[in-house]
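Subject: Structure handover

Hello,

Here is the structure I promised to pass on. Please have it open while you read my notes.

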Amino acid sequence: MPAAVRFRAACPGCRGRFELAAGALRLAIGATSRTTFYTFTCPECAAAVRKPAGERIIELLTGGGVRTLRLHAAP
């Protein structure tokens, strides 16, 4: 059985560096780069962290099993 996928992350608040399992991250894909981001809770200081997600990050996160929410623009 392959090892669980882990992602390296950093908290801009406490500057902690750690690895997170796919279940600890959420990816939101919006219509623009400004509305496409991933989120997680820092395991060291409990801060809610939101970071932009470019194409490569989206590819890595979705390929690693991170839950994804697709945001749709209002008509």
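Below are the notes on its sheet, its helix and its salt bridges.

This is a predicted model: local features need pLDDT of at least 70, side-chain atom pairs count only at pLDDT 80 or more, and totals for chains, interfaces and linings use all residues. Residues are numbered from 1 along each chain as its sequence is written, and side-chain values use heavy atoms, leaving out hydrogens and water.

**The sheet.** An open sheet has 4 strands in the order S5-S4-S3-S6, with mixed pairing. Strands here are DSSP E runs of at least two residues, helices are H or I runs of at least four, and both are numbered from the N terminus. Two strands pair if DSSP finds at least two bridges between them. S4 (residues 37–41) and S5 run antiparallel, joined by 5 bridges. Phe37 stands opposite Pro52 in S5.

**The helix.** H1 (residues 55–63) packs on the sheet and touches S3 (26–29), S4 and S6. Contact means heavy atoms within 4.5 Å.

**Salt bridges.** There are 2 in the structure. Each needs a side-chain nitrogen of Lys or Arg within 4 Å of a carboxyl oxygen of Asp or Glu.

- Arg6 and Glu19 meet at 3.9 Å, N to O. Arg6 is in strand S1 (residues 6–10) and Glu19 in strand S2 (residues 17–21), so the pair ties together parts 13 residues apart in sequence.
- Arg56 and Glu59 meet at 2.8 Å, N to O. Both lie in H1, 3 residues apart, or about one helical turn.

Best wishes

Methods. Axes fitted to C-alpha atoms, helices over the stretch in contact; angles between N-to-C directions.
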